Amino acid sequence: MLVRGPLTLWLGERIEVVKEFELPGEGDLSCPNCLLTHSFINAHTHLPMAFLRGLVSEKNFWDWLREIQELEALMDDKDVEAGYYLGLWENLLAGNSTVYSMYRGYDLVRNTFGLELHIGPISFREAERDVSSLLEKFERRAPPGVVPTLFAHSLYTLPLERLREIAQILGERDIEFQIHTSETKEEVLEVKRRFGQYPVRVMEALGLITSKTMLVHAGWITKGELDIAARHGASLVHVPASNARLAIHGFFPWKEAEERGIRVLFGTDSQASNDGQSVLHDLRLALLFAKDRYWDAEPFGWRNVVGAFDRGGFALWKPNSFLTLHGKPLVNQFLYAPHLFKLRLLIKNGRLLYPRKTPPEVKKAKRRWIRFLERIGLL
Ligand SMILES: [Zn+2]
């Protein structure tokens, strides 16, 4: 597909202005003064919680969690399935082409609308025994676009036996694994009380830290734990909006992670604590928080957020008509005033994901969501 400009390209390590650019796929398009980037990876969310958007607000973490879990218990399989489709569609509209979603009912998804969706067995409390056979079963049936991935809620919610089972799979298989890590101060204290060590050290001892492990939140992680993550090639997932909204932020060690060569990814978390699914809008917060908290504006900018991009995808953004600058100034405005840009095109692996009509699954899911809200007495 030929995109006629002039265009600003921001593709990984370089920013340049070109007259036109050839994208994979058919057709041609004119988009003068637009910005072309790779599309985004939403490295952490819980898609079906789209149903719970805006329902519990202005609560501290533990009260929020209790109320959210009471509402989640009211969601049946059809609601969860519908929540996946609502969440996927919202991610697509935000310019995300790869999504990691930790939630039950992962085997209900039949269509990803062309997105790359990482889902799979999620261990939470006593649930999901025999993770190995659940994973094998899921791998045999996973629809196109789905990448089977292992998830565990956290160290403090799982019995040791389950953690060992997951570690055994990670030792035998080259599979991605995601776990909430050092999200709250209380969690770190609880893990220290139970195991006598900081969370990442416990995970390393159990065999849960590999080059495919993604440690989500990491706002209360120590430098010693970062050394462990670096040694194994594990990644951190920064979830700035959700952390701030629930007032559990701690301090995300972005600079320290970069100094150790640790890959930093970005996630939105669920709509129950964000409320959106825009990685772009979360990058703005990540950059602002980092400058503010380190008391240093210099080290954080467009070069530091390249871990947010999906190299297999492209997104074309149309700036608001009064933004006429090209090159780096346009990229700066994209990161710090993302509301002034509109998604014009989304492509993943040469396939056009947007623009397109709203899929029937999404329309049906919206009706189901309204019925859910009526059922719980909110409409
Ligand atoms: Zn989460």
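Two strands count as paired if DSSP finds at least two bridges between them. The legends below describe close-up views of a predicted model.

**View A. Strand E14 and its partners, E4 and E15****.** Strand E4 (residues 34-45) and E14 run antiparallel, joined by five bridges. Strand E14 itself covers residues 309-319 and is mostly covered. Of its eleven residues, eight are buried.

**View B. An open sheet of six strands****.** The strand order is E7-E9-E10-E11-E12-E13, and the pairing is parallel. Strand E7 (122-123) forms one edge and strand E13 (264-266) the other. Each of these edge strands pairs on one side only. Leucine 236 stands opposite valine 264 of E13.

**View C. Helix H5 and its buried face****.** Helix H5 takes in residues 185-195, and its buried residues are Glu187, Val188 and Val191. Seen down the axis of H5, these buried residues fall within an arc of 100°, so they line one face of the helix. The buried residues of H5 pack against strand E9 (150-154) and helix H6 (199-206). Turned away from that buried side is a face with the exposed residues Leu189 and Arg193. Glycine 196 follows H5 and has a positive phi, near 80°.

**View D. Helix H2 packed against helix H12****.** Two packed helices are described by the angle between their axes and the distance between the axes. For H2 (residues 77-93) and H12 (residues 360-375), the angle is about 125° and the axes are 8 Å apart. The two helices are therefore oblique to each other. H2 passes H12 in a left-handed crossing. On the H2 side, the contact is made by Lys78, Asp79, Ala82, Tyr85, Leu86 and Trp89. The H12 side supplies Glu361, Val362, Lys364, Ala365, Lys366, Arg368, Trp369 and Phe372.

**View E. Helices H3 and H4 where their axes cross****.** H3 spans residues 131-141 and H4 residues 160-172. Their axes come within 9 Å and cross at roughly 50°. That makes H3 oblique to H4. From H3, the residues Val131, Ser132 and Leu135 take part. They meet Glu165, Ile166 and Ile169 in H4.

**View F. Leucine 71 and its contacts****.** Leucine 71 sits in helix H1 (residues 61-72). A residue needs 20 or more C-beta neighbours within 10 Å to count as buried, and 12 or fewer to count as exposed. Leucine 71 has 17 inside 10 Å, so this residue counts as partly exposed. Leaving aside neighbours within four places in sequence, leucine 71 is in contact with Leu52, Leu55 and Ile376. Lysine 363 lies 292 residues from leucine 71 in sequence. In space, the two are 22 Å apart, C-alpha to C-alpha.

Definitions and conventions
Residues numbered from 1 in each chain as written. Predicted model: local features only at pLDDT ≥ 70, side-chain atom pairs only at ≥ 80, totals over all residues. Helix = DSSP H or I, 4+ residues; strand = E, 2+ residues; numbered from the N terminus. Arc of directions from axis to C-beta. Contact = placed C-beta atoms within 7 Å. Axes fitted to C-alpha atoms, helices over the stretch in contact; angles between N-to-C directions. Parallel < 35°, antiparallel > 145°, perpendicular 65-115°, else oblique. Left-handed = near helix turned anticlockwise from the far one by under 90°.
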